[in-house]
Amino acid sequence: MDPECSQLLPALCAVLADPRQPMADDTCLEKLLDWFKTITEAGSSLLLLQENPCLVELLCHVLKPQDLSSRVLSFSLRLTGVFAAQEDCFQYLQQGELLPRLFGEAGPLGGAAWTAPTVRSGWIQGLRSLAQHPSALHFLADCGAVDTIFSLQGDSSLFVASAAGQLLVHILSLSMRGLAEGPPGLQADDWPPCAQKIVGHIEESLRSTATPQITQALNVLTTTFSHCHDPWTQVLWVRLHPLVAALLEKDPVPAAHSLVDLLLSVARSPGLSSSSCGLWETLAQTVSHLSPTQAGLLALGILKLQDCPQALRAQAFAVLLQPLACVLKATAQGPGPSGLLDSTAADSVTADMLPPSKAACVGLLCRTLAHLELLLPLPQRPCPWPQVPLLGAAVTLLQLCGGSGSPASDAGRQLCALLLGCVRVQRAALDFLGTLSQETGPPELVTQVFAVLLEYLRSPDSSPTVLKKAFQATFRWLLSSPRTPGCSDLDSDAVLFLRELLPVLQKRLCSPCWEVRDSSLEFLTQMTRRWGGQAGFRHALLASEVPRLTEQLLRDPESYVRASAVTAMGQLSSQGLCVPSAGPEHPGGQQKSLLGELLHILSADSEGFPRRAVMQVFTQWLRDSHADVVGDTEQFVAGVLQVAGQDLDWEVRAQGLELALVFLEQTLGLSRSHCPYAVTPPVAAPAGPLTQALQSLCRVRLFEFAFRALFDCDRPVAQKSCDLLLLLRAKTASSSSLQEPRSSPDVASVEAALQRWRAGDQAQPLGDLEPEVVLAVLRSMDLEGLRGALAESSDHVEKSPQSLLQDMLATVGIRGENEADCY
Amino acid sequence: MELYCLSGHPTLPCNVLKFKSTTIMLDCGLDMTSTLNFLPLPLVQSPRLSNLPGWSLKDGSAFLDKELKECSGHVFVDSVPEFCLPETELIDLSTVDVILISNYHCMMALPYITEHTGFTGTVYATEPTVQIGRLLMEELVNFIERVPKAQSASLWKNKDIQRLLPSPLKDAVEVSTWRRCYTMQEVNSALSKIQLVGYSQKIELFGAVQVTPLSSGYALGSSNWIIQSHYEKVSYVSGSSLLTTHPQPMDQASLKNSDVLILTGLTQIPTANPDGMVGEFCSNLALTVRNGGNVLVPCYPSGVIYDLLECLYQYIDSAGLSNIPFYFISPVANSSLEFSQIFAEWLCHNKQTKVYLPEPPFPHAELIQTNKLKHYPSLHGDFSSDFRQPCVVFTGHPSLRFGDVVHFMELWGKSSLNTVIFTEPDFSYLEALAPYQPLAMKCIYCPIDTRLNFIQVSKLLKEVQPLHVVCPEQYTQPPPAQSHRMDLMIDCQPPAMSYRRAEVLALPFKRRYEKIEIMPELADALVPMEIKPGISLATVSAVLHTKDNKHVLQPPPRPAQPSGGKKRKRASEDIPDCKVLKPLLSGSIPVEQFVQTLEKHGFSDIKVEDTAKGHIVLLQEAETLIQIEEDSTHIICDNDEMLRVRLRDLVLKFLQKF
């Protein structure tokens, strides 16, 4: 510990021990504890206590009957635990009888302070830190702490209850670690007393008829099997397995959720060989015993397991599919299997297996869809994957929710009434449908998919979120629609669909709901990015009003919409899909170029999002050598940098640096490839001589922009600028033609100006710079140092322990003064 | 209690309720869908319409070609449009005591009833209902009268001829009773019979029943009615809405504990959600206008138009439509816009509070001030000079058969840039468009009907729990086009009773009690006797006095006074004789004890038989039967009066007298 901290510590301990000076902010106690943890991890706790007797005094002091705050008491318990984690320090504290007085019956345990959850939590965490060595186990046994922990499992505070469970697992694992000769036998006598006590308690709880007790036992076991993978866990499972299996015989199965967690954690545990201890049988039994609402999660867990028997996987998959099979059954036009389940299972499925209440039914269907969605991308997903019936189920569900389904049976009609207009199921089904696009389906079914998607996109009742998901799913299905692999063009059916889709998109772009306009624009951008070069798409898009409506949305009152319109227009323009605007707003008026319009948004829009979007579009245009930019790139870059440099939004300024970087690379002839394996052309694009390049950079005032950004009050901007200048310096270092003596008067004046900028006075411009001067300034600057300083987190100065101690003392001091004033 | 159903239209009801001694007409809706069979009335001569070919029968006979014209495969009557009236033959309408109006759409047949049936009663309605109803009638009369048509076709109505006509003319009901529109004079006369009422006001009808209007949340001044006596309550729910639009919210609580709830006027488009439709309306409007096209909105001059204008008020700036003019053309446009602003007490809470700011409750005032919304009585005059395109025009009539809308349909129908957006749900838009075919302009159907849907009805019924529900037959099964939608019908227990046009329904409950008041002095004189714990009885001798359906028990007149001979004589004439009454008996006869008593008194050979209702005591020797039942005892003996009296006295011993 620093001598400075050592000096401050006694005062701080005195403050903590003084009930008249309560700590207002307990985060500093947490920080203090963290600090002590780092110290004890690095060195001897015993030494620390001996060198700073005030600490022990503090611990002794909290034991005195007084009105000490529960926070300080809790802190002291946890601190003691941190110290006692080292065995020699533990002994030292034991000698002073401090530990039994803090953690035993005589301590806060029986007192009034115990009613505060934070004290109970501190007690548990103290013991958790302390229990690291055999002496601690003896101590726990002697002071009867384990029984207290048992009772704390049912604590009214969830945090305390959960910590108690975890502590039990920790103690169990610690006591089992002490066994020298391999895992114990099944006999109770073979187990260490402490472990025996805990396991006995678990067994007793599992036999109990009270669900909370069973839940506690199951939770402890779940934690055990997920954290400990030593051989003894297998013995533990063999020992407890019959009790767990016995739970399944009860009706209803108690604590089903915790039981599922336990079984899955056992199945996932590498310490257990699943086949030998009847796990698969238990899992199979559980899947068949639990209700469909409870079994879904277990079924998903089983299907995610790597080495599970095929029969069990089939059973789990059937359980997972059952709700959808019910839906298909209820809406089937005629008899016959839906193909989702095999024939025997399908026969037993009836539509009334779905819960009759709307909330339960909707919940079950949403969970089922979410589970299947998770399963689809996994390598171990069931094979064969029932793509066709699943597609059918997703389409049917969407039709039922949208009111376009026409079920023939009574069960189907009831289901229809239940699901009609249900946004939750709509969202889940659309997500699922989108995921299913990874595989394809028979053409007639794909036609149905597009039909139902179109229905949702058209329906005036689709909520904005549903609509967004419908757009996403549509995009994914369009992506997957090409029949010829490797060909990215839309096939003819997709183009036909597009003709129907565009009028819908047109209408949605005029929606009074901004979320709808926004997601329509995003969808348009995605489509254009993907198929903007394709003739079918171009033709359909240009024949519609979409480009013109998009252009009008640049003036939307909602900033998010403007931002999306900017991105969409940038994309349309890149693909040559913009049409000259002559809308009713300015009929016959002067047609404004898109570049001008975007520059206007960049300089005049009151919101950040559209301006950021403009900067992104500009950067992309520069990268792609967009026609509007190529004409006079320097003027374009100079104009954009000038506006962006004055922007109040740091993201705009940062994006300005991105644009500057692209320009710099193009000018210097650097090819930047994001992918390290990308094939780079053997010869970089011929760049003009370096001087010319630098002159070009000077003309667009890139350096002024970058230097200003270097001293930006927003760190990401400064970092980005620093990287840019470092890159430039590295690229120019090799060039000898520009080596100039450092001490020209120009250089000195620029450096002086930069000094002023650094100090915060950025009023004075740098004026026209010569490349030589810039390079000289660059060389003289400590850019590496600056980068290092910027990489430090902003509170690195304030984070030192000394400052923490000072802060804590200062707050108390101020409080004291205030009190005096009041007095 | 009976319900006479005079209209088959579920949202334009006309029913007559006979309740106690009153005859109450509930609403007076006019079914205007009949006008769809007629050719539109153009404001200016339309060459297209006047050159339509006449229709001839299959056999080539063309005697109807003057009356019937054909347009794109549909046949229309070329005559002044006519309306289908409520049944007038089912019940003598001159016996109707009062007419209760629930909203301004449901009073359009009023002049036919009040002016032509001998009706002498009173009509009750709220003030906004009357004022806006007047506007609707005025507009209707104006639309039809300003384009007089010489021809009045009647040949086609002949039953033998009608059979030969194509659908839908062939299937039109009761064409012989269809009538031309009323005159303004009849309207004024009908409206003069209306008495204004306020929400929750209790109106006594002849002392027999009390009627009370309640807010129904559907339109300005729209009401549901409660019709109740002391022991019976009938609720009449017609055109109600639970959505937050401009009117005062619906009063549901007062509908609780009804014996019968008559449910009419639910949404006509149960599958269309009004919010979605308003969004659809705005999107399509903006899309058309941005493409340089015009938008035509056929509408009524009041109602949903206020909400649409309010939505547009919020939307036009955001959609960049600030420069697009909105025109509202109706002979009553000005009055409608102004009236809406003055009925503050009938508005929803939000709008009411605005009045205190003070601000106009509806934002259309601002639209008018800023010249974004302009209103004109007709196309002629100022409008033609102000008219600028592209624009949005709101005008009537939604049937597209008369009014300025006819002109705009002819004007704009040829261009696919323009759009007609239907928002009123009363007419099938395809039928409305039929005489304008072929049509290039786009047609969008966004019916906005804020009335209750079936989900809301089912919640409402659970909430108010009426004993019986009565509704039009259309509500008891899913719509024919969506037979699987079990959710689109009324689902309640016991199942709702349904009615159809020209049906008389006996309402399923009997009146069991009548309230009678007792005068204090008479009550003072009573001496109750407790016959069971908690139940006391007293005999009353009084005169039942009934006046204005109120019943009062008054003390009987004093016995004849010796003095004042003349007066006495007169009094004795007026008052019925009061005989000295025998005491009343109560109690029950315990059979076993009775038999013992009989034995004590020397009767032997007694047999007791149990019967379904009690016992028979058989005195075999005396050939006598004593039949003891819960509420009667008979002694049947063969002409032995002495024996009967003896036995009677024995029976009486077991009973209490008072």
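Let me start with one residue. Glu514(B) is partly exposed, at 31% relative accessible area. One caution before I go on: this is a predicted model.

What does Glu514(B) pair with? Its salt-bridge partner is Lys20(B), with the closest N and O atoms 3.2 Å apart. That pair links distant parts of the chain. Lys20(B) sits in the loop between β2 (15-19) and β3 (22-26) of chain B. Glu514(B) sits in the loop between β24 (503-506) and β25 (516-518) of chain B. The two residues are 494 apart. Lys20(B) is partly exposed too, with a relative accessible area of 22%.

Next pair. Arg451(B) and Asp426(B) form a salt bridge at 3.9 Å, N to O. Arg451(B) is in the loop between β21 (442-445) and α14 (454-464) of chain B, and Asp426(B) is in the loop between β20 and α13, so this bridge ties together parts 25 residues apart in sequence. Are these two buried or exposed? Both Arg451(B) and Asp426(B) are buried.

Over in chain A there is a network. Salt bridges with shared partners connect Glu551(A), Arg555(A) and Glu597(A). Within it, Glu551(A) bridges to Arg555(A), and the closest N and O atoms are 3.5 Å apart. Glu551(A) is at 7% relative accessibility, so Glu551(A) counts as buried. Arg555(A) is at 36%, so Arg555(A) counts as partly exposed. Across all chains, the search finds 44 salt bridges.

Now a charged residue without a bridge. Glu424(B) is buried, yet has no salt bridge. How far away is the nearest side chain of opposite charge? That side chain is Arg451(B), at 7.0 Å. As a reminder, opposite charges can pair when their charged atoms come close. The salt-bridge cut-off here is 4 Å. What Glu424(B) does have is a backbone partner. A polar atom of its side chain lies 3.3 Å from the backbone nitrogen of Tyr300(B). Glu424(B) belongs to the loop between β20 (419-422) and α13 (429-433) of chain B. Beyond its neighbours within four places in sequence, Glu424(B) contacts Pro298(B), Cys299(B), Tyr300(B) and Pro398(B).

Another side chain that reaches a backbone is Gln341(B). The side chain of Gln341(B) comes to 2.9 Å from the backbone nitrogen of Phe362(B). Gln341(B) is in helix α8 (residues 333-342) of chain B. Its relative accessible area is 17%, so Gln341(B) is buried. Setting aside residues up to four places away, Gln341(B) touches Pro360(B), Pro361(B), Phe362(B), His364(B) and Ala365(B). Ile329(B), twelve residues away in sequence, is 18 Å away in space, C-alpha to C-alpha.

Back to chain A, for the overall picture. Chain A has 42 helices and zero strands. Of its 823 residues, 51% count as buried. Take contacts between residues at least 6 apart in sequence: 72% of them join residues at least 24 apart. The accessible surface of chain A is about 36400 Å², with 54% of that from carbon and sulfur atoms.

One helix deserves a look: α25 (residues 464-480) of chain A. Its 17 residues should span 24 Å at 1.5 Å a residue, and its end C-alpha atoms are 24 Å apart, so the two agree. Its buried residues include Val466(A), Leu467(A), Phe471(A), Phe475(A) and Trp477(A). What do the buried residues of α25(A) pack against? They pack against α21 (387-402), α23 (423-436), α24 (443-458), α26 (492-509) and α27 (514-531) of chain A.

Most peptide bonds are trans, and most residues other than glycine have a negative phi. Here are some exceptions.

- Asp251(A) and Pro252(A) are joined by a cis peptide bond, omega about -5°. Pro252(A) is in the loop between α14 (231-247) and α15 (256-268) of chain A.
- Cys383(A) to Pro384(A) is also cis, with omega near 0°. Pro384(A) is in the loop between α20 (358-375) and α21 of chain A.
- Gln465(B) has a positive phi, near 45°. Gln465(B) lies in the loop between α14 and β22 (468-472) of chain B, and at 56% relative accessibility counts as exposed.
- Asp548(B) has a positive phi, near 50°. Asp548(B) lies in the loop between β28 (543-547) and β29 (550-554) of chain B, and at 55% counts as exposed.

That's the tour. Thank you.

How values were computed. Residues are numbered from 1 along each chain as its sequence is written. Chains are lettered from A and ligands numbered from 1 in the order in which they are written. This is a predicted model: local features need pLDDT of at least 70, side-chain atom pairs count only at pLDDT 80 or more; totals for chains, interfaces and linings use all residues. Side-chain values use heavy atoms; hydrogens and water are left out. Helices (H or I, at least four residues) and strands (E, at least two) are DSSP runs, numbered from the N terminus. Buried means under 20% relative accessible area, exposed over 50%, partly exposed in between (1.4 Å probe, protein chains only). Contact means heavy atoms within 4.5 Å. Accessible areas come from the Shrake-Rupley method with a 1.4 Å probe; for residues, only the protein chains shown count as cover. Lys and Arg count as positive and Asp and Glu as negative; His and the chain ends are not counted. A polar contact is a pair of N or O atoms within 3.5 Å; within protein, one must be able to donate a hydrogen and the other to accept it, and residues adjacent in sequence count only if both atoms are side-chain atoms. The expected span of a helix is 1.5 Å times one less than its number of residues.
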